[in-house]
Amino acid sequence: MAPTRRVVPFTELDRSDVGRVGGKNASLGEMTNRLGAAGIRVPPGFATTAEAYEELLAGHGLRDSVEEQIGRLHQGAPLDEVGAAIRSFFLAQPLPAPLRDAILTAYERLAEESGRETPEVAVRSSATAEDLPEASFAGQQETYLNVRGTDALLEACRRCYASLFTDRAIDYRERMGFDHMAVALSVGVQLMVRSDLAGAGVAFTLDPESGFTEVIVVSAAWGLGETVVSGQVDPDEYTVFKPSMKDPALNPVIDVRIGSKRLKTVYADTGMTRTLDTPDAERNQRVLADAEIRELAAWAAAVEEHYGCPMDLEWAKDGLTGELWIVQARPETVQSRRRSTTLRRCRLTVVPGEPLVEGIAVGEAIGQGPVVALDAPVDLDRFPQGGVLVTRVTDPDWEPVMKRASAIVTDHGGRTSHAAIVSRELGVPAVVGTGNGTQILQDGRQVTVSCAEGERGRVHEGLLAYEEILTDLAELPATHTRVMLNLADPSAAFRWWRLPADGVGLARLEFIVAHQVKVHPMALLHPERLDPQDRHVIDRLTEGYLDRGQYFVEHLAHGIARIAASRWPAPVVVRTSDFKTNEYAKLLGGRPFEPDEANPMIGWRGASRYYSDGYREGFALECRALRRVREGMGLTNVVVMIPFCRTLGEADRVLAVMAEGGLVRGENGLRVYVMAEIPANIILAQDFAERFDGFSIGSNDLTQLTLGVDRDSEALAHVFDERDPAVVRSIQTLAARAHAAGRPVGLCGQRPSDDPAFTAILVDAGLDSISVAPDSFAAVKRHVARAEAALGDGAGRRKE
């Protein structure tokens, strides 16, 4: 009979050893032994075995005592009473001498390898049913960091064994149907990475919110990674586009969001750790540079490919050496298990007022009920089923309460915090990182928590009406006419990746400028024209940028890139800025650069701005951003579209300005479209077709200018009609003339979503594409299919 192995080094483990050392430690062994060739660094360490755990249970009648308490639980004894009793059994007895000696011998060997007499180690629990693709026990047991010396190590190991029976772990196994006595616990002991002097975080090989598979999302905060995992901080978030990683000449980092990072965890002078306020300079500073993000993303991609499933990793950066390390890896278990052909969407059916609080939306659902504001977890009978849990931050002790909640609101945390991860798994909407939720939301107040309005989650007063819509995407019909999406909000783009759309027919820069850049581009370039107050605010926004124009370019490029990545490699038509002067003036610092116009709707807008002295420099920044997306990030599916181009001379001048900025039509596959929204675009369609690669009809402006009706006039609302014969004839004429010149024609607007008859007109005219809001996509797709069927073989009369 082989001798009992109580401790095994990571170098002797692989993923087949889950039953022996648990998922966490088996994965560390697998990466140590199989992925070193990919450059992945895993801190050395060792793991205790399931045999050692069984030996522990056999001593002092511990197994019988545990089984007795589990029996009491099944007979109705309170969970907290049972858990406390079992943990006290583990903590009352010393570790068996053979196990203690094996741990200390392995620790001495680790000390020799590291060249340190008493090296700091992380002591982590690893259950044998943990980190399986079908279940996640992450965070159910305890972890102890900066453990130094033999006595501290043995005590940490003992507490890890006891943590197999924390209240949250017992509750989770009960809920998931796992036999408590069939799950063993392994303790992993791993050299600490000095991330207390640098930073740490997590990485997902898909977007954790939407399940979009073409990105890697890295979260980062200063200090040890516990603040990110526990949700105590709003971390930095970096998004990496997988297809662009294949070309070393490209920068695949398509989005960078700087979190507040208000806290960080560091080593305590007396051992273990302490949490303190992050200095202001670090709060506004990126934790990782692009090169480091790329290295982590490459490792994450290698791990995903090796395991054959989406992965959730924890990483750390050593502040002494500057090296990056992977300290944990587990299968992602929420998004990867969703049925990809079913799209579930909620939407409010009433217009809400101003939200009470808002934060990061987790999930895409809506929940409502009475506020239950808590400082600490409570007995389940004190938390009403369907209450809205409001608290500062959650940890695994909250999970029994969280599963009873209709929604969750926290003051702190980001998209990879404990509250976010568990909420996704439970299917409960959560708004995290509100900052002031516990101050504003009083106990008993009836609220509606909406995560169905994009990236920002909002808490509204009262119980608002809403509906839930389920769409089986596999049942949507195929169409000859391309059905595309109108997208404006980059943060929501990934939400719609499962829609079988043919690309994006309209991505509007105005939303990105207004919500992510926030500053008028000319104000960045000419601060001398600003009043002191605006100048101060802009100085704060652009802190760290020596080139203020680069602030505009970077933020705009990141917004465009997220939208383009969401549909890669399908075309994404990006319309350059089309604010009216009154709208530009509302941007921060905009007033000195915008004239007062009696009728901005037909004033200084669109193409006329791009070559003018008053905005040419601003348009150059837009061109720099577009070039960065296409050439720097590799998202060559971006098609540039020019709005409100009145004359052929204007077209020539705009194309010349674009060329000066490095955007040359035809080079590197660049296509340039023009909006067809002015009668001149229809009348001179053949001439415009010589200058542009395609047309997109803006039906609102075309109707307004064809009929001479202010589209915002209530008095003339009865006259404004896209189905007026003059408008329809214009659409038909454009389609025929454009197709004769070999140019495609699309339409982007709301009317096809609301009016199947108008959709039929567009199909009959032979339009190549119809672009609609994502929530209307399924309905319009069906409208188009019916219209094509009615036309029979004549469907899609357009010229390719």
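P43 touches F10, Q190, L191, V193, W325, I326 and V327, leaving aside residues up to four places away in sequence (contact here means heavy atoms within 4.5 Å). This is a predicted model, in which local features need pLDDT of at least 70 and side-chain atom pairs count only at pLDDT 80 or more, while totals for chains, interfaces and linings use all residues. Residues are numbered from 1 along each chain as its sequence is written, and side-chain values use heavy atoms, with hydrogens and water left out.

P43 itself sits in the loop between helix 1 (18-34) and strand 2 (45-48); helices (H or I, at least four residues) and strands (E, at least two) are DSSP runs, numbered from the N terminus. With a relative accessibility of 3%, P43 counts as buried, where buried means under 20% relative accessible area, exposed over 50% and partly exposed in between, using a 1.4 Å probe and protein chains only. Twelve residues along the chain from P43 is M31, and the two C-alpha atoms are separated by 10 Å. Another proline, P3, gives a contrasting picture: P3 lies in the segment before strand 1 (7-9) and, at 71% relative accessibility, is exposed.

Next come the helix pairs. Two packed helices are described by the angle between their axes and the distance between the axes. Axes are lines fitted to C-alpha atoms, for helices over the stretch in contact, and angles run from 0 to 180 degrees between N-to-C directions. Helix 3 (residues 62-74) and helix 4 have axes that come within 9 Å and cross at roughly 175°. That makes helix 3 roughly antiparallel to helix 4; the cut-offs are under 35 degrees for roughly parallel, over 145 for roughly antiparallel, 65 to 115 for roughly perpendicular, and oblique for the rest. On the helix 3 side the contact is made by L62, S65, V66, Q69, I70, R72 and L73, and on the helix 4 side by L79, E81, V82, A85, I86, F89 and F90. By class, this contact of helix 3 with helix 4 has ten nonpolar, two polar and two charged residues (Ala, Val, Leu, Ile, Met, Phe, Trp, Tyr, Cys and Pro count as nonpolar, Asp, Glu, Lys and Arg as charged, and the others, Gly among them, as polar).

Helix 4 (residues 79-92) also packs with helix 6 (residues 150-162), their axes coming within 8 Å and crossing at roughly 150°. Helix 4 and helix 6 are therefore roughly antiparallel as well, and their crossing is right-handed; a crossing is left-handed if the near helix is turned anticlockwise from the far one by less than a right angle, and right-handed if clockwise. Here R87, F90, L91 and A92 of helix 4 meet R158, R159, Y161 and A162 of helix 6. The residues of this contact divide into five nonpolar, no polar and three charged.

Further along, the axes of helix 25 (residues 699-707) and helix 26 (residues 725-740) come within 9 Å and cross at roughly 120°, so this pair is oblique. Helix 25 passes helix 26 in a right-handed crossing. L702, T703, T706 and L707 in helix 25 meet A726, V727, S730 and I731 in helix 26, which splits by class into five nonpolar, three polar and no charged residues.

Helix 12 (residues 418-426) has H418, A419, A420, V422, S423 and R424 as its buried residues. Those buried residues pack against helix 8 (226-230), strand 15 (357-362), helix 11 (399-402), strand 18 (407-410) and strand 19 (430-432). Just after helix 12, G427 takes a positive phi of about 75°.

N146, in strand 4 (residues 143-147), has phi near 55° and is buried at 1% relative accessible area. K261, in the loop between strand 9 (253-257) and strand 10 (263-267), has phi near 50° and is buried at 0%. As for the peptide bonds, the one from W568 to P569 is cis, with omega near 0°; P569 is placed in the loop between helix 18 (548-567) and strand 25 (572-575).

Finally, the cysteines. Taking a disulfide as a pair of cysteine sulfur atoms within 2.5 Å, the count comes to zero. C160 is buried at 0% relative accessibility, and its closest cysteine sulfur, in C157, is 6.4 Å from its own, too far for a bond.
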